[in-house]
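Please open the model in a viewer and follow the selections below in turn. Each stop gives something to select and a description of what is found there.

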Amino acid sequence: MNIVNAILEKLKTMGLLRNSNALFKAGIIIVAGIIILSALAPLLTPYSPIVGTGDELAPPSLKHPMGTNNLGYDMFSRVLYGARTVLTVVVSATLLSMAIGVPLGLISGYYGGKVDRAISIVMDSMYAFPSLILALAIAAVLGASLINAIIAIAVVYVPTYFRMVRGQTLSIKSLLYVEAARALGASDSRIITRYVFPNLLPTVLVVFSMNIADAILTEAGLSFLGFSVPPPTPDWGADLRVGHSFMLAGYWWLVAFPGLMIMLLATGFALIGEGLSDILNPRREAVG
Amino acid sequence: MTLLKINNLKVYYYTRRGIVKAVDNVSLAMNKGEMVGLVGESGSGKSTLGLSIIRVLPPQAKIISGSVIFNGTDLLKLSEREMRKIRGKEISMVFQDPLTSLDPLQKIGDQIVETILEHEPNISKQEAYNMAKKALQEVGIPPDRIGNYPHQLSGGQRQRVMIALAMVLKPKLIIADEPTTALDVIVQDRIMELLSALKKEYGMSILFITHDLALAAERSDKIAVMYAGHLYEYGSSTDVVNKPLHPYTEGLIESIPDVFMRKEIKEIPGQPPDLTKPPSGCRFHPRCPYRMPKCSREEPPILQVNGRLVKCWLYS
Amino acid sequence: MVLLSVSNLKKYFPLQKSFIERVISRRKQYVKAVDGISFIIREGEVFSLVGESGCGKTTTGRLIVRLETPDSGKIVFDGKDITFAKEKELRPLRRKMQIIFQDPYASLNPRMTIGDAIAEPLIIHGIADKREAREKALEMLVNVGLTPPELFYKAYPHQLSGGQRQRVVIARAMILKPKFIVADEPVSMIDVSLRASILKLLMKFKKDFNLTMLFITHDLAVARLISDVVAVMYLGKIVEIAPVDELVENPLHPYTKALLSSVPTIVPQMKREKIILKGDVPNPINPPSGCRLHPRCPLAIERCSKEEPKLKYVGNNHYVACHLL
């Protein structure tokens, strides 16, 4: 995440991404590009990602644009199909944590009191763990599978949504239009769904895309350590793990391409998040 | 004797939405020792006009053309350094919100001393301190308050300090931009009393910028009415209020209730225009009850009618 | 017939103190926002509460529509004691009483269209289904002068001007045809040339619906225009109540006189003797003893600092709280 932010900052200072729209567009192009490539994978490559070609540790060539690995799997296929795995895990996990964190934050922030304190303590203690370590612990307990990876990552990001939504709810709650709704006779549930939630939705969207970027790195970490999808399912993190033992022997393509994809996809989502946050909260220009 | 003469001044704002013609070809003359009430709604350009005189406009604003002749010199031709000598000494300004214009970390007395020393390096610190004390006394701040910080004072007292700061070097002109808008009516009355007293005592001229026509009428010698970047009427307060010539002035007077008069109020139909696309001809024509075909085609000239200036085709 | 009666209403707000202050002194301090006020509003009447900022007029309005809970006293609205009514009990009553706030922009949900905002009360109270509510909201838009209504229905608050937004707020408050409305400085944030139209709109609804109104304002000129009865507040207390013409022509309390002699007017010859109050409004945390005006009042006698004056009837429906009368 820090690396991604650093790159964003660098790009901004270089003046390459001057305005928010450019950020957003760049992000969309990267993400959409990867999604399209992975969807079209069967058309783009003749090889299956989980069947050996018989050609082991072949360097990149016209036949194998990204080379092959120690089992003779075509790396290009694995990178393309791997995107499907990564996107499935990461998007479902983030959606799941959003589905838990947002309502909790709304309830906590709106009603306050004991409920709020109880939820906050749980969330804060979860937030205190570094995300990868927490995810690892959960995945280790649940075992390595696609579903468990989703759950492990989802749990990690619930506090992010909770804290943001709770904070926003607290401030929106004190605004005049919420008071006006109360004066109209609106019930609590109506105020939450019609007045509070729509006004924090933009921030949720920003956090959503930022979180995906972060979750991509967490997922990569999980599978690098063997706690995500079991082999031979194509997955960038898993490929990194396989590749890193061959790296010193000079088989750089085993690590370079999956690693590059992780960076690229995470940057793409981070760009979308940055762009969205600028687009949704434009600094108003004062006219005298 | 004319102290200030603004000629054909144009000030535009360059914004993302387009060019806002905030002050468009405005001319205004002010005599020595006179209080002129510059009346207009928000967006009429009245504050921009005030800020242009001492050239402290926001960065997106630009003075396009015109001149501001103060005491014989064109302020728009002066360098920033020369202008700095004029600000605070010859012309000073009082803003709506004294809390943002006063330094919160500095005692009020020290702020006044600093202003004095900046303009009068020959004055000793002790002398400056005495001057500050006297100025505060004159605006009605008890001398034991001189060591107070702004937050220890009430809103009305802060505005008095601002006025002390503005008048301590006895400038020839004070521009007061909505000086009482943030204050309650009783405090407002006393601040206005104070400004009137300064005018009488030292013969200072005061350009009093306000949205409140009644307040301006009560205290000023003359009233200038601005609307959508144009100056539409300028004349003695009693004349303007008792027999408004311009339809906008008339509409404004008819639309405001008065505590001492049971009267019907009449609204001015429509909305003030968007100044990135001001109406053609007379900018008031879409809302004017007396509009003629000519009004939308041609901008009316400024006419002299019974010792008053009015920009309206009705009088040509 | 009396629609609203308020007696001995009090609301003190605890003062936020820093940690160190709390350690040093245990004593809680309060801002006495509303300190024992009583008045009645008759059906069809416009009752104005006038006073300077911090006098407690806004808090009074919020207490009456029960956005705030009083500390003590009694509020009887339409024959029902609502002083300590729970939010659930209040909800059906909110159909009959509405509030219009000073800042129209802040009182509208930025993510709800104008039309939905106006239709909202009908849906909240289950009065109309979506289609009917839409029809009525469109009708209401025409009523408040926002035409063509179809265009405004789909607009968002930020696309409207201040005056237009206040029309929307008024439309939303009026769509339930309430009996009673609290209007808290409804024109003080509106441009001068548009104020008249908003005031006229309120007066039109008042006439059409036989509306009763509590009008809160700092502006005596507006109060003169719109009200039947005016109550003047100072530091949490009502100092004078009278029919508006009586109050302006025959003010009796020194504070009212001071206010009236400070109001700007275009007929200055009508101004009365000038009463100059000493100093500024004191802190409402420790208000002066006796009559709260006494440290500033040029006419104060010894009794004023010791004994609190009660509202006294002086004829012509005129009540004054002053020892000098």
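A residue counts as buried when its relative accessible area is under 20%, as exposed when that area is over 50%, and as partly exposed in between. The coordinates come from a predicted model.

**First stop: a ring pair in chain C.** Select C:Phe39 and C:Phe47, both of which are buried. Their rings form a stacked aromatic pair, with 4.7 Å centre to centre and 15° between the planes.

**Second stop: helix α8 of chain C.** Select residues 192-209, which make up this helix and include C:Phe205 and C:Phe209, four residues apart, or about one turn of the helix. These two form a tilted aromatic pair, 5.5 Å centre to centre with 55° between the planes. Is C:Phe205 buried or exposed? Its relative accessible area is 1%, so C:Phe205 is buried. C:Phe209, in contrast, has 25% relative accessibility and therefore counts as partly exposed.

Over all chains, the whole structure holds 15 aromatic pairs. In chain A, select A:Phe246, A:Tyr251, A:Trp252, A:Trp253 and A:Phe257, which ring pairs link into a cluster. Next, display B:Lys170 with B:Tyr202: the charged end of the lysine sits over the tyrosine ring, 4.8 Å from its centre. In chain C, the charged end of C:Arg134 sits over the ring of C:Tyr153, 4.7 Å from the ring centre.

Then select β1 (residues 2-14) and β4 (residues 72-77) of chain C, which are joined in the antiparallel sense over five bridges. Within this pairing, C:Ser7 stands opposite C:Lys74 of β4(C).

**Last stop: the contact between chains C and B.** Show both chains: 41 residues of chain C and 39 residues of chain B take part in the contact. About 3,600 Å² is buried between the two chains, and carbon and sulfur atoms give 58% of this area. Finish by selecting C:Val192, C:Ser193 and C:Ile266, which supply 20% of the area that chain C buries against chain B, more than any other three residues.

Note on methods. Residues are numbered from 1 along each chain as its sequence is written. Chains are lettered from A and ligands numbered from 1 in the order in which they are written. This is a predicted model: local features need pLDDT of at least 70, side-chain atom pairs count only at pLDDT 80 or more; totals for chains, interfaces and linings use all residues. Side-chain values use heavy atoms; hydrogens and water are left out. Two strands pair if DSSP finds at least two bridges between them. Helices (H or I, at least four residues) and strands (E, at least two) are DSSP runs, numbered from the N terminus. Rings of Phe, Tyr and Trp (its six-membered ring) pair if their centres lie within 6.5 Å; planes under 30 degrees apart count as stacked, over 60 as edge-to-face and the rest as tilted. Buried means under 20% relative accessible area, exposed over 50%, partly exposed in between (1.4 Å probe, protein chains only). A charge sits over a ring if NZ of Lys or CZ of Arg is within 6 Å of the ring centre and within 35 degrees of the ring normal. Contact means heavy atoms within 4.5 Å. Buried area is the accessible area (1.4 Å probe) that two parts lose on being put together, summed over both.
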